[in-house]
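Reader: I am new to this structure. Please take me through one part of it closely, step by step.

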Amino acid sequence: MGDTLTILGIESSCDDTAAAVLRVGDTAQTLSSIVSGQGELHDAYGGVVPEIAARAHAEKLDHCVREALDEAGVRVRDLDAVAVTAGPGLIGGVMSGVMCAKGIAAGAGLPLIGVNHLAGHALTPRLTDGVAYPYLMLLVSGGHCQFLLVRGAQDFARLGGTIDDAPGEAFDKVARLLALPQPGGPSVEAEAARGDATRFTLPRPLLDRAGCDMSFSGLKTAVLRARDGVMTDNRLGRQARSDLCAGFQAAVCDVLGEKTRRALEIYLSETPERATLTVAGGVAANGAIRARLTEVARGAHVDFVAPPLALCTDNAAMIAYAGAELYRLGQRDGMELAARPRWPLDRTSPAMLGSGKKGAKA
Ligand code: KG4
Ligand code: ZN
């Protein structure tokens, strides 16, 4: 990559306030990565409340940045640039981050770089494993679900994505239907381990349609119907709950597995010389889903790279890393940098439907 850059990254697009300092030369070194979640602030509301999130970000950002600099042993004057998530996401939170970054950049006379949050996720396998371009990324979280052909830090093609809910959102909603704790992913996965995935017949949405678009909202409704069918006196038995979780998780695995197989087919038809499947997002923590993706990659004879969980979920190290790549490409943003609630990575693709509880999907 050439000269070594010391770069501060700031992330505040959803419900995690994060700051990180990276040193990026031929390889990338994470000097610090601070993530402060807001889970407890939103628990009572059953989802992220944008106004509460924005206020909490505004309060916490300075502390996170200070902690990130201290832990890295770096002063503001040692920095070469400030990178910040400028979208997509919940607009109040994104604005808090952009204002904070502008303040630091203006005060210290540093270049400012606006980063697309999805690019941060999509470039993470380069930060963690030095994966070379091009590669295929499945981004699966509470707010995002898409297949991206990653050709460069500014060059993405979306091969498909959800037309309604993201899978993490579906896990969270199913957990709520079954009175399991939030976030739903880990609790549904734990229940599924003791369940029979074949007891309930649940749909595999859009598998009958060509291409790699996905849908998860009908699946959640099917779980609701199946639950109502086995409740007696408004009570759901423990085994039925586990069986519903196992059935739901198996359906998500089948959909993600088959759509990934198709996305890989498209990717390999365009770029047979390079073969890597990567994944990012909180849902990548799911053991059954990881196992299925590993199987699909093996079947297609491609490598599979899944970054460690702390870098799959929202963090600022990925924003600093993406910022460093964009800096190398000459990107500089001034004080006019705007926060964008929607910002598709692939400008040639139509906007995705829905906006989800965690903000815009693209
Ligand atoms: O990437 P992330 O931390 O935040 C964003 O959505 O941007 O992902 C959080 C999502 C939640 O919906 C959570 O339920 C899901 O990831 N998740 C899981 C698991 N762990 C977290 N979903 C399925 N299985 C898991 N083990
Ligand atoms: Zn994210």
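Author: **The sheet and the helices**

This is a predicted model. Start with helix 11, residues 317–328. Helix 11 lies across strand 1 (5–11), strand 2 (16–24), strand 3, strand 4 and strand 5. Its direction makes an angle of about 130 degrees with strand 1.

Now look at the sheet itself. Five strands form an open sheet, in the order 3-2-1-4-5. The pairing is mixed. In general, strands of a sheet pair through backbone hydrogen bonds, either parallel or antiparallel. Strand 3 (28–37) and strand 5 (112–116) are the edge strands. Each of these two pairs on one side only. From one strand to the next, the twist averages 20 degrees.

Follow one pairing in detail. Strand 4 covers residues 81–87. Strand 4 pairs with strand 5 in the parallel sense, over five bridges. Along this pairing, Val82 stands opposite Leu112 in strand 5.

Next, turn to a pair of helices. Two packed helices are described by the angle between their axes and the distance between the axes. Take helix 2 (residues 50–72) and helix 3 (residues 91–108). Their axes come within 8 Å and cross at roughly 30 degrees. The crossing of helix 2 and helix 3 is right-handed.

Which residues meet there? Helix 2 brings Ala54, His57, Ala58, Leu61, Asp62 and Val65. Helix 3 brings Gly92, Gly93, Ser96, Gly97, Cys100 and Ile104. The residues of this contact divide into six nonpolar, five polar and one charged.

Technical notes
Residues are numbered from 1 along each chain as its sequence is written. Chains are lettered from A and ligands numbered from 1 in the order in which they are written. This is a predicted model: local features need pLDDT of at least 70, side-chain atom pairs count only at pLDDT 80 or more; totals for chains, interfaces and linings use all residues. Side-chain values use heavy atoms; hydrogens and water are left out. Axes are lines fitted to C-alpha atoms, for helices over the stretch in contact, and angles run from 0 to 180 degrees between N-to-C directions. Helices (H or I, at least four residues) and strands (E, at least two) are DSSP runs, numbered from the N terminus. A crossing is left-handed if the near helix is turned anticlockwise from the far one by less than a right angle, and right-handed if clockwise. Contact means heavy atoms within 4.5 Å. Ala, Val, Leu, Ile, Met, Phe, Trp, Tyr, Cys and Pro count as nonpolar, Asp, Glu, Lys and Arg as charged, and the others, Gly among them, as polar. Two strands pair if DSSP finds at least two bridges between them.
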